[in-house]
Amino acid sequence: MSSAVLSTALTAAGISAEVSDEAFGVLARVAACDIAGALMALRDGDGAFALLVDLFATDTGDELEVTYHLRSFARDEDAYVRLVVQYDAEVPSVWRVYPAALYPEREAAELFGLTFPGHPNPKRLLTTDEVELPLLRKSTPIRTNEEVHDR
Amino acid sequence: MSILVRVLLALVLMLVNGVVLIYMLRKVLAHLHLRVGPNRVGPWGVFQTSIDVLKLLTKEDFIPAAADHWLFRLAPYMVFVPSFMAYAALVLGPRTAFSRLDTGLLYVFAVLAIVPMGVMMAGWASNSKWSLIGGMRAAAQQISYEVPLLLSVLPIVMTAGSMSLTRIVQSQTGYALGFIPRWNFFSPQLVGFALFLVAALAELNQTPFDMSEAESELISGFANEYSGMRFGLLFLSEFSNSFVISALGATLFFGGWLVPGVDPASPVMVWLGPVAFIIKTYLGIFVLMWIRGTMPRIRIDQMLELGWKALIPLSLVWLMITGFILQLVRGVG
Amino acid sequence: MTDPQLPQACILPEGESPTPVLPRGLRRVPRGVDELATEHLIVNMGPQHPSTHGVLHILLELDGEEIIAAEASLGYLHRGIEKLAEHRRYNAVGTLLDRADYVSGIHTELAFAQATEQLMGIEVPPKALWLRSMFSEIVRITSHLVAIGTYGLDIGAMAPFLYIMRDREALLKVLESVTGARMMFNYVRPGGVLADLTPEAEPLLRQFLKTFPGYLDEYHTLLTGNEIFQARVKGIGVIDRATAIAFGMSGPPLRASGLGWDVRKERPYAAYDQLRFDVPVGADGDCWDRYFVRMEEMRISAELIEQCLDGMPEGEVSAKVPKVLKPPAGEAYSAVESPRGEVGIHVVSDGTDTPYRMHLKGPSLMNLAVVDEVMPGHKIADSVAIIGSLDIVLGEIDR
């Protein structure tokens, strides 16, 4: 049911999306450039996805996925919107749609080496300037204290 | 007795007070808070404060590089000396006082008014933003609460007809209805006492008015950058101030050295008087600590509002009522 | 007039598109308030500060006592939990997550265990579900007690904190006897829980439940009824419903703003579908409401513990699970109502014995974001009241 809502809302806004029912919920895959429009359509459309629960990125090994977890109180449903980008790519900031994205976007930018153009405060969130980034990419190894010390 | 001996005696009283009061504060707060308090150094931890003073004395006296050195050094004395000077006016018993001042009350308030200047100085000289805010708060607080404090004791000056603390105590001798002591507290001056208590809490920087310290907001306000004995002096003068104000409260509202049932002229009062006075003062301090252990802190703007919009008008009204009644009584009599 | 010495951190470069929805903390305020050319004072509140609840660092731009702009600066407790989890087996991740939200570790554990069970399709025995619910509520009370107690400290009242610590001890004894730890439980494991109630746990709990209403009354006397406390928190830090939703808030702060969304009710997990409870909702969304919602939740949690004790089914406390968990490839999201809000764990599995990616959705991070928006216009003392009322735990924000 929810997947239908998602696809109608997105097509109404003229955004091509691939909606599927995954084990963890309904997932819409959109292109990076469409993300702000897609979220706007979902927030203001029939779905009324008023809340951005979370935003996080994943390193698949070849590219980065950014997932937006939305919730509709009116429909009592969750939905996910996902986009796939190359490393070091730019993903438009969605803070104008969901101010809740302000912190998680900074975090994703910092830990995955993404850029969120349009973010009002694009500073590091969790690490200091000396820490080498991006930490959460698969290419970044975990080092023990000794290894760090010996470097 | 020569002046030097008196000064030394006053200093001893002040230092002993400081040590005893800090211990008392810890124990009282601890028991209010279901804690034990100091109990390791000596029996019931009675030597804890002395050891702490020793620690403060031997600690490195650290002055921040960016601080204004002169003011930073001067500020603790600006706080400590006036509160020491205030002891001069205290009248402990019928024959015991550090000096006999005809305007003792005025003198105490005049001297204590210097203390916030020292606090402000400490806040400014530390060159720390938190300290600065603490110092400015102290200034605002002093300006707004000095007035009601003075106004709240003026009715007593009017009834006693004197600013001398000895006279004020003497005016409280005798009994109403044969058994109630004619202390100001039991007279209609109860209203004055309520005003005095609130204003004194603010003047003393005590919870709920501990604006310039406010440890949950300003960490420790004006004393932030102080360490060692300089901090010790700031800390000590705080306790000595509460002794002075509490002693004033005892003198003005609770008959000073008077003991109900004992003739003030009897020779036994020479030693009983000071004992009674100290006991009354310490009871007053206990009440202050009790309030400190229970109350949350009020916000600065609410405090200033209370001072200007409630306490000052109320104390002015009370002053007028007292004057009116006095005039009536005297006119009739 | 610009001052080169002032840190640029707080404020955007001038002319950079301040729109109405931009958090007020990020909006540029002109220096030089009037002809006197007074300057605003920029103060670092934290990371060492008695009432930022850990190592939170807030940049405050002050005009006298008034806050003009505020910006939270995080990361002082960043331990890379998400990265470390990618290198640990599934049953070892719980210990990491205990240390994320160190005041209520059991909820984060529970979220992860549930996510793993979703991936593997493990059926959890009913007794384990009931134990999970019960211990969630026990930890909720301990956590709310800390929140209320430290809130009293923030407002300047020291006594409630120590009274609360006395009463919290009773619950910590129960937790210690069952889980072996007072804070870092590692009690909820994929498949069930670590252990059944110990013989001494139930009498201790019953005793606590008998005395707790009296304790609550005591806190109400010490804090709720206090005129000064009310003056300090009523009408302070108002977060309206729209703002709360826009900033993705959850938990007591969201409910205080008038939206009664509770994961326990809306997405029942563990045994919550079989328990009866109300969700307290505030009206104004000010600090007072957030405080009061927590007080009410403690009362309700105590009732829930009683229901759990009475209705506890017999049986195993854990399903049979292999020693090394290897969930099939896939993704799972599991949410749990922690004392701070919705704790979500998003796990991506690639079929190996370590998570491919584990993301922790911390409620504190989302709840904190609103600080930039709410603080301006308040006094310094209110900033402390606002942070305290949001009840953040830095371990979970910084991860």
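Tutor: In this predicted model, helix 1 (residues 2-12) of chain A lies across strand 1, strand 2 and strand 5 (77-85) of chain A. The direction of helix 1 of chain A is at about 25° to strand 2 of chain A. Helix 3 (residues 102-112) of chain A also packs on the sheet, where it touches strand 3 and strand 4 (64-72) of chain A. Helix 3 of chain A makes an angle of about 5° with the direction of strand 3 of chain A.

The sheet itself is open and has five strands in chain A, in the order 1-2-5-4-3, with mixed pairing. Its edges are strand 1 (18-22) and strand 3 (51-59) of chain A; each has a single partner strand, so one side of each is left without a neighbour in the sheet. On average, and with direction ignored, neighbouring strands of this sheet are turned by 25° against each other. The pairing of strand 1 of chain A with strand 2 (residues 25-30) of chain A is antiparallel and runs over five bridges. Within this pairing, S20(A) has L27(A) in strand 2 of chain A as its bridge partner.

In chain C, the part to look at is a pair of helices. The axes of helix 4 (residues 126-155) of chain C and helix 5 (residues 159-179) of chain C come within 9 Å and cross at roughly 165°. Angles over 145 degrees count as roughly antiparallel, and helix 4 and helix 5 of chain C are therefore roughly antiparallel to each other. The crossing of helix 4 of chain C with helix 5 of chain C is left-handed. Residues of helix 4 of chain C in this contact include I138(C), I141(C), L145(C) and G149(C). On helix 5 of chain C, the contact residues include F161(C), I164(C), D167(C), R168(C) and L171(C). By class, this contact between helix 4 and helix 5 of chain C has 13 nonpolar, four polar and two charged residues.

How values were computed. Residues numbered from 1 in each chain as written. Chains lettered and ligands numbered in written order. Predicted model: local features only at pLDDT ≥ 70, side-chain atom pairs only at ≥ 80, totals over all residues. Pairing = 2+ DSSP bridges. Helix = DSSP H or I, 4+ residues; strand = E, 2+ residues; numbered from the N terminus. Axes fitted to C-alpha atoms, helices over the stretch in contact; angles between N-to-C directions. Contact = placed C-beta atoms within 7 Å. Parallel < 35°, antiparallel > 145°, perpendicular 65-115°, else oblique. Left-handed = near helix turned anticlockwise from the far one by under 90°. Nonpolar A, V, L, I, M, F, W, Y, C, P; charged D, E, K, R; others polar.
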